[in-house]
Amino acid sequence: MLYAVFMSASLPPFPTPQEPVGEPELLQLGTAEEHPCLRADAARNRARLLEAAARLIAEHGVAGVTMEAVAAAADVGKGTVFRRFGDRTGLLMALLDHSSRTLQADFLGGPPPLGPGAPPLERLRAFGVAVLYRSAEQLDLQLAAQSEPTRRFGHPGMRAMTMHVTVLLRQVVPDADCELLAQTLMSYLDPALTHHRTRQCGMPLERLETGWVDLVARVTGTEPPR
């Protein structure tokens, strides 16, 4: 099975906050130009708050992450957390954004078959398996942080993943409407559907992995691996 290659810690280590950390598009609460002298401090504070939230998730689950609890864990005022993230959903989205950047780094520059160096069909199979298992590791966080439905598909992380799948499909089935096919494939990986399948229907992740590989074969008109 491919899944063993892609198992990772639930929340990857946060970057050492010596350099400013970029903001996800939908969570920007200000610009560097507005407070140029505070940019480095803001980056350090942001990383500190996210680390505190990650510890709370590890100890108490997503339900234990409140703005008040994060402020206490990071030893800052509650207003600082609200100014940084807006609300609890903004905080959870920031945690997911960090994980999304880690996944993007893996499929854009990591080792094959997820990263460059493998044929596009193998990379497509590997991508779905990686997303499935990483989603399963962070399922409660992903469900708690999911955007309002009309905004979900425009989130930068989702756009990056969908574009990656589109590019791979264009190399495998160049005559197809690869943009629509990519959206169809991404729907298979939706965290809410993974929650339903694994927790409500009791399906093992190995079955979902096999289903993804089969779906990719049928969409691309190729033979599944033996």
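## Basis

The model is predicted: local features need pLDDT of at least 70, side-chain atom pairs count only at pLDDT 80 or more, and totals for chains, interfaces and linings use all residues. Residues are numbered from 1 along each chain as its sequence is written, and side-chain values use heavy atoms, with hydrogens and water left out.

## Overall make-up

The chain has 12 helices and zero strands. Helices (H or I, at least four residues) and strands (E, at least two) are DSSP runs, numbered from the N terminus. Of the 226 residues, 40% count as buried. Buried means under 20% relative accessible area, exposed means over 50%, and partly exposed lies in between (1.4 Å probe, protein chains only).

Contact means heavy atoms within 4.5 Å. Among contacts between residues at least 6 apart in sequence, 68% join residues at least 24 apart.

## Helix H3

H3 spans residues 67–74, and its buried residues are Met 67, Val 70, Ala 71 and Ala 74. They lie on the same side of H3, because they cover an arc of only 100° around the axis. The arc is that of the directions from the helix axis to the C-beta atoms. An α-helix has 3.6 residues a turn, so residues three or four places apart point the same way.

The cover over these buried residues includes helix H2 (39–60), helix H4 (78–85) and H5. After H3 comes Asp 75, with a positive phi near 60°.

## H5 against H6

Two packed helices are described by the angle between their axes and the distance between the axes. Helix H5 (residues 88–109) packs with H6 at an angle of about 160°, and their axes are 11 Å apart. H5 is therefore roughly antiparallel to H6. Axes are lines fitted to C-alpha atoms, for helices over the stretch in contact, and angles run from 0 to 180 degrees between N-to-C directions. Angles under 35 degrees count as roughly parallel, over 145 as roughly antiparallel, 65 to 115 as roughly perpendicular and the rest as oblique.

H5 contributes Thr 102, Leu 103, Asp 106 and Phe 107 to the contact. H6 contributes Arg 123, Phe 127, Ala 130, Val 131 and Arg 134. These residues divide into five nonpolar, one polar and three charged. Ala, Val, Leu, Ile, Met, Phe, Trp, Tyr, Cys and Pro count as nonpolar, Asp, Glu, Lys and Arg as charged, and the others, Gly among them, as polar.

Pro 112 is in the loop between H5 and H6. Pro 112 is partly exposed, at 47% relative accessibility. Leaving aside neighbours within four places in sequence, Pro 112 contacts Gly 117 and Ala 118.

Gln 142 sits in helix H7 (residues 139–145). Gln 142 is buried, with a relative accessible area of 14%. Beyond neighbours within four places in sequence, Gln 142 is in contact with Leu 96, Arg 134, Ser 135 and Pro 191.

## Helix H10

In H10 (residues 178–188), Cys 178, Ala 182, Leu 185, Met 186 and Tyr 188 are buried. Their arc around the axis is only 140°, which puts them on the same side of H10. Their cover includes helix H6 (120–137), helix H9 (156–172), helix H11 (191–200) and helix H12 (205–220).

Leu 181 also lies in H10. Leu 181 is partly exposed, at 23% relative accessible area. Apart from neighbours within four places in sequence, Leu 181 contacts Leu 169, Val 173, Ala 176 and Val 219. Leu 181 and Thr 220 are 39 residues apart along the chain, with C-alpha atoms separated by 9.3 Å.
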